[in-house]
Amino acid sequence: IDAINVPNGMSVQVIGEQNRVATIIVNGSEEAVSNIDSSTVKAYVDLTGLTVGEHTVEVKVEGENTTVTYSPRVKEIKVKISETK
């Protein structure tokens with residue numbers, strides 16, 4: 001799981017039992033699903049507007065194949081934003 005829009009001078013750490021790897025559920029026709037290039041599917045959290053501290057953030061998924069739908073198995077994760085030392 002990537003973090004985007006990390007505030008300048010800050011670092012991000014996933015806390016709790018989750019790790020930085022997401023299981024993604026893909027729904028669509030068998031042909032469409034079997035032809036997905038996994039390198040084109042990205043899971044991320046958007047940290048826009050967040051400050052130092054712990055936050056629960058929504059996991060979002062995007063992929064190039066628009067004939068299928070993507071959803072993360074874990075919908076939210078906890079992150080800790082800290083000042084970079």
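User: Among contacts in the chain between residues at least 6 apart in sequence, what percentage join residues at least 24 apart?

Analyst: Contact means heavy atoms within 4.5 Å. Of the contacts between residues at least 6 apart in sequence, 61% join residues at least 24 apart. This is a predicted model, in which local features need pLDDT of at least 70, side-chain atom pairs count only at pLDDT 80 or more, and totals for chains, interfaces and linings use all residues. Residues are numbered from 1 along each chain as its sequence is written, and side-chain values use heavy atoms, with hydrogens and water left out.

User: What is the strand order in the open sheet of three strands?

Analyst: Two strands pair if DSSP finds at least two bridges between them. The order is E2-E8-E5, with antiparallel pairing. Strands E2 (10-15) and E5 (53-58) are the edges, each pairing on one side only. From one strand to the next, the twist averages 35 degrees; axes are lines fitted to C-alpha atoms, for helices over the stretch in contact, and angles run from 0 to 180 degrees between N-to-C directions. E5 and E8 (residues 76-83) pair over six bridges, and histidine 55 stands opposite valine 79 in E8.

User: Which residues touch the most other members of the largest nonpolar core?

Analyst: In soluble globular proteins, nonpolar side chains tend to be buried together. A nonpolar core is a set of buried Ala, Val, Leu, Ile, Met, Phe, Trp, Tyr and Cys residues joined through side-chain atoms within 4.5 Å. Buried means under 20% relative accessible area, exposed over 50%, partly exposed in between (1.4 Å probe, protein chains only). The largest core has 15 residues, of which Ile1, Val45, Leu47, Val57, Val59, Ile77 and Val79 touch the most other members. Strand E4 (41-46) and E8 each supply at least two residues of this core. Beyond four places in sequence, the residues that valine 59 touches include Ile1, Val45, Pro72 and Ile77.

User: Is alanine 22 buried, exposed or partly exposed?

Analyst: Alanine 22 counts as partly exposed because its relative accessibility is 24%. Alanine 22 lies in the loop between E2 and strand E3 (24-27). Leaving aside neighbours within four places in sequence, alanine 22 is in contact with Ile1 and Ala43. Its C-alpha atom is 9.0 Å from that of tyrosine 44, 22 residues apart along the chain.

Terms used: Helices (H or I, at least four residues) and strands (E, at least two) are DSSP runs, numbered from the N terminus.
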